[in-house]
Amino acid sequence: MKQLFLLRHATAMPSSGGGDKERKLAHEGLIEAAALGVEMVKRHYHPAYVLCSPALRTRETYAQLPFDAVPHEFPEGLYNSGARDLLAHIHAVDDKNSSVLVIAHNPGIYELAASLCASGESSMHNQLMNGFRPCTLAVMSCKAKSWKDVKFNDNELKDFLESRAY
């Protein structure tokens with residue numbers, strides 16, 4: 001069984017003409033991401049591998065988490081990708097990694113979480129169906145033994161953390 005963490009980047013600054021990919025986190029976003037890192041440690045959520053969009057705001061979100069020693073990559077294909085493309089990146093993860101954290105953007109990361117989820121506590125599932133605010137984390141237990149076998153509508157939502165809740 002695999003554990004999947006899906007995270008939308010923290011609150012970013014508004015676009016200032018420098019290009020969407022170079023948008024930085026707002027001060028609030030830095031605080032949100034650091035607080036999420038503390039909460040993840042408290043709940044024993046330790047990814048074995050991290051896939052992070054190369055956009056500045058996702059890299060800054062990752063930098064606030066206490067997982068800098070975890071193997072990671074910043075594939076270009078994660079930037080503003082849809083659910084199917086994000087899942088393709090998960091399928092390529094080495095099976096020696098029992099857990100993966102994906103840090104990406106809406107709407108793709110939300111679509112992926114909603115599409116992967118088949119079950120879970122109803123209140124969490126309802127929260128998930130209401131969307132992904134900045135710095136929201138969905139934690140899923142995947143039935144698949146291999147990352148390449150993770151599929152839509154076949155996973156259990158184990159936890160759902162929104163930035164305002166921790």
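A disulfide is counted here where two cysteine sulfur atoms lie within 2.5 Å of each other. In this predicted model, the number of disulfides is 0. Cys52 illustrates the point, because its sulfur is 12 Å from the closest cysteine sulfur, that of Cys135, which is too far for a bond. Cys117 is likewise in no disulfide, the nearest cysteine sulfur being that of Cys142, 10 Å away. Both residues count as buried, Cys52 with a relative accessibility of 0% and Cys117 with one of 5%.

**Nonpolar cores**

The largest nonpolar core is made up of 29 residues, and Leu4, Leu6 and Val102 are the ones with the most contacts inside it. Two or more residues of this core come from each of strand S1 (2-8), strand S2 (49-52), helix H3 (83-91), strand S4 (99-104), helix H4 (108-116), helix H5 (122-129), strand S6 (137-142) and strand S7 (155-161). When residues up to four places away in sequence are set aside, Val102 touches Leu4, Phe5, Leu6, Leu7, Leu51, Ile90 and Ile109. There is also a second, separate core of 20 residues, which includes Phe5, Ala10, Met40 and Val50.

Helix H3 has Ala83, Leu86, Leu87 and Ile90 as buried residues. Viewed down the axis of H3, these buried residues fall within an arc of 100°, and they therefore line one face of the helix. Against them pack S1, S2, S4 and H4; Ile90, buried in H3, is one of the residues that Val102 touches.

In helix H2, which spans residues 56-64, the buried residues are Leu56, Arg57, Thr58, Thr61 and Tyr62. The elements that cover them include S1, helix H1 (27-42), S2, strand S3 (72-73) and S4.

**Aromatic and charged contacts**

Across the whole structure, a search finds 4 aromatic pairs. Since Tyr62 belongs to helix H2 and Phe74 to the loop between S3 and H3, the pair ties together parts that are 12 residues apart in sequence. Tyr62 counts as buried at 6% relative accessibility, whereas Phe74, with a relative accessible area of 34%, is partly exposed. Elsewhere, Tyr110, Phe132 and Phe160 form one aromatic cluster. A charged side chain also meets a ring: Lys21 lies over the face of Tyr79, at 5.4 Å from the ring centre.

**Loops and backbone geometry**

Most residues other than glycine have a negative phi, and most peptide bonds are trans. Against that background, the peptide bond that joins Asn106 and Pro107 is cis, with omega at about 5°, and Pro107 is placed in the loop between S4 and H4. His44 lies in the loop between H1 and S2, and Asn153 in the loop between S6 and S7. The values for these two residues are set out below.

Which residues is Tyr45 in contact with, leaving aside its neighbours within four places in sequence? They are Gln3, Phe5, Met40, Phe67, Leu137, Val139, Asp159 and Leu161. Two of these residues, Phe5 and Met40, are among those that belong to the second core. Tyr45 and Thr61 are 16 residues apart along the chain, and their C-alpha atoms are separated by 16 Å; Thr61 is one of the buried residues of H2.

Technical notes:
Residues are numbered from 1 along each chain as its sequence is written. This is a predicted model: local features need pLDDT of at least 70, side-chain atom pairs count only at pLDDT 80 or more; totals for chains, interfaces and linings use all residues. Side-chain values use heavy atoms; hydrogens and water are left out. Buried means under 20% relative accessible area, exposed over 50%, partly exposed in between (1.4 Å probe, protein chains only). A nonpolar core is a set of buried Ala, Val, Leu, Ile, Met, Phe, Trp, Tyr and Cys residues joined through side-chain atoms within 4.5 Å. Helices (H or I, at least four residues) and strands (E, at least two) are DSSP runs, numbered from the N terminus. Contact means heavy atoms within 4.5 Å. The arc is that of the directions from the helix axis to the C-beta atoms. Rings of Phe, Tyr and Trp (its six-membered ring) pair if their centres lie within 6.5 Å; planes under 30 degrees apart count as stacked, over 60 as edge-to-face and the rest as tilted. A charge sits over a ring if NZ of Lys or CZ of Arg is within 6 Å of the ring centre and within 35 degrees of the ring normal.
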